[in-house]
Amino acid sequence: MAAMDMGDGKAPQRTFKEKLLDTLAEAELDASAEREEAHKDKLALSVEALVDGCPAAFVDFFYLCTAGDGVADDNYTAEELEARRIDPDRFEHADEVPPESMQFLKDTLVMADTASRRGDSTAVSECYKTLAKYFTGTENPRKAVFFFAKCLEVASSSGGDPAAELEANANLGAAHEALGDTAAAIASFERQMALAESSGDDGEKRLGQSNLVRVYRHAADARAAAGDGEGSVLFLEKCLKVAKSGGDPSSEGLANHRLGLAYHSEGDYDKAIEFQTEYLRLCTALGDRAGEGAARRSLAAANQSLNDVDGAVAHLEAFLEIAKSGDPASQARACCSLGKIYSAAGKFDRAVHYFERFFEVARSLNDRRMLDVARVNLGIARGSARGAGLLRVVAGTGGPGEAASPQGEDAMHALMAWKNVRLPLNAAGA
């Protein structure tokens with residue numbers, strides 16, 4: 001139906017909904033025009049690569065710029081679409097290389113193809129490395145992997161340039177690591193390490209060891225998170241071996257600490273103590289007080305799990321001395337742990353001493369939750385200490401059918417005096 005004429009010659013006023021729909025339609029037309037223009041640019045650049053006599057550049061350019069073809073794709077995979085609950089039939093893949101970068105990509109690929117045909121492997125590798133580094137800093141990280149892999153392919157096939165192959169493996173490992181592909185990163189860094197050892201270059205060996213220690217730790221964390229304790233221990237043992245071979249006491253110590261924690265989680269407390277003791281030795285030699293504290297705390301936990309109360313107490317008291325000059329929260333936790341150990345051992349006076357310290361530190365931190373925990377523990381410990389005193393008094397009166405000793409009679413008088421006036425037992429003559 002045609003819009004009604006208002007009689008004054010003016011067009012009828014449009015609603016907000018009508019304006020919004022028109023704006024959306026115009027935006028879709030603009031986007032469609034931009035996509036069409038980008039498609040034309042891509043086709044033109046592809047043809048230019050062929051005209052330049054570089055078919056390899058044409059193939060790489062076409063695949064790298066085409067979405068959903070599986071070649072260095074940075075668009076969502078079918079699994080990623082499903083995980084994000086996106087309908088694959090309605091999802092429109094964007095071009096994988098922005099239009100403003102297509103010329104640069106095509107030109108560099110043509111340079112690489114030209115260099116390859118004249119046998120200049122160094123120039124080819126430099127072109128691929130340039131592209132890899134470019135894509136590392138964009139939203140297309142898989143393309144960085146694609147080009148670093150090409151660098152490795154060139155270095156391996158050229159034969160006689162182990163330095164280039166070593167560098168390519170290091171770069172490829174870092175690219176895989178950035179994508180979270182730890183297994184692929186490990187494979188690349190292990191090849192890097194093997195080449196570094198063959199070269200005899202100490203600097204390259206240190207870099208390789210550093211990379212391997214880091215990715216082995218990541219792999220161990222992933223196994224632990226998946227509930228695979230044995231797998232975690234396996235990678236931590238590899239980590240320790242590499243750290244030892246590199247003469248890095250700091251990394252070696254941390255690997256020992258992580259292995260100790262892993263064995264503790266697996267219930268092997270003797271092995272946990274073995275590795276934490278070595279961690280403590282290395283930290284002491286390095287003057288690493290924070291590391292010493294972590295080792296002491298872990299050793300206390302392992303000894304406690306083995307019901308070695310004296311060992312647990314010794315390590316916790318040593319940890320408490322370290323914590324005095326550091327983190328008050330750690331000091332509070334140590335006092336709390338000591339209080340619990342002494343309570344469990346029936347040494348309530350000592351338990352009260354440490355729970356009082358726990359309470360004071362918690363109050364200084366103004367941590368309400370910690371303060372509530374400290375207050376409850378202190379109350380229980382004080383009650384237990386008074387109860388123990390009462391039991392000692394009662395025990396001194398003699399059992400059923402037994403004559404009370406003179407000490408027992410005195411104790412009974414003290415108990416009655418306490419009952420009548422509610423004085424502390426020692427004040428009532430106990």
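**Helices and their packing**

Tutor: The chain holds 18 helices and 0 strands, where helices (H or I, at least four residues) and strands (E, at least two) are DSSP runs numbered from the N terminus. This is a predicted model, in which local features need pLDDT of at least 70, side-chain atom pairs count only at pLDDT 80 or more, and totals for chains, interfaces and linings use all residues. Residues are numbered from 1 along each chain as its sequence is written, and side-chain values use heavy atoms, leaving out hydrogens and water.

Student: What makes α13 roughly antiparallel to α14?

Tutor: Helix α13 (residues 289–305) and helix α14 (residues 309–323) pack at about 160°, with axes 8 Å apart. Axes are lines fitted to C-alpha atoms over the stretch in contact, and angles run from 0 to 180 degrees between N-to-C directions. Angles over 145 degrees count as roughly antiparallel, so α13 is roughly antiparallel to α14.

Student: Which residues of α13 meet α14?

Tutor: Among them are R289, E292, L299 and N303 in α13, which meet residues including H315, L316 and F319 in α14; contact means heavy atoms within 4.5 Å.

Student: What is the span of helix α5 set against?

Tutor: Helix α5 (residues 121–136) has 16 residues and reaches 22 Å from first to last C-alpha, close to the expected 22 Å. The expected span is 1.5 Å times one less than the number of residues.

Student: Which residues of α5 are called buried?

Tutor: They include V124, C127, L131 and F135; buried means under 20% relative accessible area (1.4 Å probe, protein chains only). In the chain, buried residues make up 37% of the 430 residues.

Definitions and conventions. Parallel < 35°, antiparallel > 145°, perpendicular 65-115°, else oblique. Buried < 20%, exposed > 50% of the residue type's maximum accessible area, 1.4 Å probe, protein only.
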